[in-house]
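Me: I would like to go through the labels attached to this model one at a time. For each, please give the value and the cut-off behind it.

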Amino acid sequence: MLRPILNTWRDRRTLNGLWRFATDPGGAGRNQKWWRAPLPGRVEMPVPASYNDVLPDPAIRDHVGEAWYQTDVVVPASWAGERVVLRFDAATHRAVVWVDDEQVAAHEGGYTPFEADVTGVVRPGRASRITVVVDNRLAWDSIPPGYVEQTPEGSRQRYYHDFFNYAGLHRPVWLYTTPVTHVSDVTVGTGLAGTTGTVDYDVAIAGIADGVETHVVLRDATGTEVARAAGPSGTLTVSEVHPWRPGEGYLYTLDVELWNGGSRADRYSLNVGIRTVAVDGTRFLINGEPFHFTGFGMHEDHAVRGKGHDDVSMVHDFALLDWIGANSFRTSHYPYAEEILDYADRKGLVVIDETAAVGLNLGLGGGILQGAKRPTFSEETISDATRRTHLQAIRELVARDKNHPSVVLWSIANEPESHTEESKKYFEPLFAEARRLDPGRPVGFVNMMLSPSGECLVTELADVVMINRYFGWYTQTGDLAAAERELEADLRAWASRHRKPILVTEYGADTVAGLHSVVPQPWTEEYQAELLEMYHRVFDRVEAVVGEHVWNFADFATSAGVFRVEGNKKGVFTRDRKPKAGAFTLRRRWSRA
Ligand code: BDP
């Protein structure tokens with residue numbers, strides 16, 4: 001799915017700003033057709049942002065159900081004759097959209113974009129009312145899953161993942177144009193052989209008129225043409241190629257042009273990084289060279305705006321990644337804003353791109369289901385319906401992110417149940433679909449500690465081993481010597497059983513900034529630093545370990561719980577990005593080279 005761009009043939013404007021807003025706890029809006037008139041009340045809400053923390057109102061913060069957004073927009077008169085599209089980069093977790101009185105879109109999934117062709121609905125030169133209802137409820141068949149409990153005090157959302165259920169219009173909303181006959185998709189795949197690069201391309205065209213021709217031109221970073229071809233698909237060859245590589249996000253531009261009757265009808269320009277990714281035994285290769293991942297599992301999470309995208313924070317966070325010597329991150333636990341992937345492409349940062357399939361593990365949450373442990377996979381819990389949503393989430397992730405050179409690995413789930421036959425059956429078709437959609441990248445999932453190498457049945461489906469480990473925190477708490485022994489035994493067992501690259505995708509300890517101790521005391525800055533050093537000693541002893549991603553880059557918001565002190569404190573930066581002692585430990589290790 002192509003992002004809106006601006007050029008001679010295409011126009012765009014964001015609808016970011018303040019929208020009218022109303023929560024709808026009783027669900028009255030649908031019956032009363034709230035899209036037909038200005039929303040009730042006088043609340044305004046910024047877009048993009050999560051709505052939860054903007055106003056100091058528990059009824060909004062903990063709202064469960066639908067919330068309405070509305071704005072008015074004048075479609076430029078100059079857009080007459082163009083195809084007009086309304087696009088939401090994210091609406092969490094599902095949404096229905098109306099333009100004036102007409103429903104134009106409905107979408108499930110909170111972290112991937114959707115759009116509607118509204119050419120027949122808007123009137124250039126006139127105002128249109130855009131109304132969106134977003135629903136933050138998580139159910140057994142949503143990704144991520146959850147369930148709503150009815151209590152005497154009202155609905156309460158329960159879920160099995162460890163971050164706050166922020167909701168709303170988290171990313172920009174766009175109104176944009178394309179010509180009627182237009183490039184509707186572009187797919188690239190790149191190769192390297194010595195000093196020669198190749199770019200396989202495939203162009204999809206919509207609204208097709210007879211006799212439309214496709215021309216593609218590849219330009220280097222100075223704008224100089226390096227290859228060209230005609231036809232909707234083919235291969236471009238680049239001699240003396242300048243590859244995209246970790247730390248150096250060199251990008252070519254692929255200009256895709258449609259020609260009609262001797263003149264240009266559309267142009268779409270795509271950034272292309274020429275690089276290869278492969279798994280070879282226990283090595284993870286980028287451009288044929290072994291790559292060792294250093295970095296973090298992160299979150300889109302900030303004070304006040306929650307998961308709302310913001311370029312200031314993005315640039316600052318990337319600068320901190322650079323300062324600390326990180327070469328990569330995982331989009332734990334959902335697809336991040338496309339702005340972030342574009343920036344990673346340009347900065348040469350390596351990305352593990354994850355779906356929002358987190359919390360598919362009921363073995364962890366028995367207590368909250370009135371003491372009765374329910375099976376993870378069953379008709380009543382994670383079922384075929386969940387798998388259908390999960391498949392769609394994988395399709396939308398690949399469709400959105402397939403062309404990003406920064407993305408080197410798909411993570412199709414975080415810490416699901418993985419030791420049962422049911423889990424294997426659940427995951428087989430998901431791996432198959434990810435591979436079918438993108439034969440060019442390895443596919444994995446993230447294993448959790450309670451499912452060690454001898455018991456996990458899902459890792460054998462994956463190209464790499466990705467594991468989250470908390471020795472010294474959730475187990476052997478405060479005993480780093482015992483934790484070191486357990487960690488080494490665990491990693492060696494994975495290495496000998498699987499002969500695949502091992503990425504430790506989470507390790508860390510909750511740390512309250514400012515808490516200190518001369519002896520190893522959990523929650524202190526010194527303990528976090530010592531725990532990280534202990535993990536690093538072990539990683540350096542086990543050859544198959546090719547990745548170290550600390551949990552987490554920064555402290556982040558979670559639901560309330562006795563294990564959480566105003567959120568999860570495993571960040572090596574605080575939520576407002578102040579370094580804890582562990583940040584300097586990492587910087588010393590990762591900036592060595
Ligand atoms: C892992 C999860 C992550 C949690 C982390 C923790 O993957 O989402 O935040 O543990 O407990 O199980 O801090």
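Reply: One caution at the start: this is a predicted model.

Me: The place of P144 is in a loop. What is the peptide bond from I143 to P144, cis or trans?

Reply: Omega from I143 to P144 is near 0°, and the bond is cis. P144 sits in the loop between strand 9 (127–135) and strand 10 (146–151). P48 is in the loop between strand 3 (44–47) and helix 2 (58–61). Most peptide bonds are trans.

Me: What makes the phi of E566 worth a remark?

Reply: Most residues other than glycine have a negative phi. The phi of E566 is near 50°, a positive value, and the residue is not glycine. E566 belongs to the loop between strand 30 (545–551) and helix 9 (581–590). V304, also not a glycine, has a positive phi of about 70°, and is found in the loop between strand 23 (293–297) and helix 3 (311–324).

Me: Why is E566 called exposed?

Reply: The label needs a relative accessible area over 50%. E566 has 73%, so it is exposed.

Me: Why is R94 called buried, and why does E108 count as partly exposed?

Reply: Buried means under 20%. R94 has a relative accessible area of 18%, so it is buried. E108 has 33%, which is between 20% and 50%, so it counts as partly exposed.

Me: How do you know that R94 forms a salt bridge with E108?

Reply: The closest N and O atoms of R94 and E108 are 2.7 Å apart. The cut-off is 4 Å between a Lys or Arg side-chain nitrogen and an Asp or Glu carboxyl oxygen, so the pair qualifies. R94 is in strand 6 (residues 94–99) and E108 in strand 7 (residues 102–108), 14 residues apart.

Me: Which residues are linked in a network of salt bridges, and how many salt bridges does the rule count?

Reply: The network links E484, E488, R492, R537 and R541. By this rule the count is 49 salt bridges.

Me: How do you know that domain 2 and domain 3 touch?

Reply: The chain is divided into domain 1 (12–178), domain 2 (182–272) and domain 3 (277–590). The contact takes 15 residues from domain 2 and 14 residues from domain 3. About 1100 Å² is buried between domain 2 and domain 3, with carbon and sulfur atoms giving 56%. On the domain 2 side, W244, P246 and L251 supply 47% of the area buried against domain 3, more than any other three residues.

Me: How many salt bridges are counted between domain 2 and domain 3?

Reply: The count is 1. The side chains of D185 and K402 meet at 2.7 Å, N to O, which is within 4 Å, so they form a salt bridge. Polar contacts across the interface of domain 2 and domain 3 come to 7 residue pairs.

Technical notes. Residues are numbered from 1 along each chain as its sequence is written. This is a predicted model: local features need pLDDT of at least 70, side-chain atom pairs count only at pLDDT 80 or more; totals for chains, interfaces and linings use all residues. Side-chain values use heavy atoms; hydrogens and water are left out. Helices (H or I, at least four residues) and strands (E, at least two) are DSSP runs, numbered from the N terminus. Buried means under 20% relative accessible area, exposed over 50%, partly exposed in between (1.4 Å probe, protein chains only). Domain bounds come from an automatic or database domain assignment. Contact means heavy atoms within 4.5 Å. Buried area is the accessible area (1.4 Å probe) that two parts lose on being put together, summed over both. A polar contact is a pair of N or O atoms within 3.5 Å; within protein, one must be able to donate a hydrogen and the other to accept it, and residues adjacent in sequence count only if both atoms are side-chain atoms.
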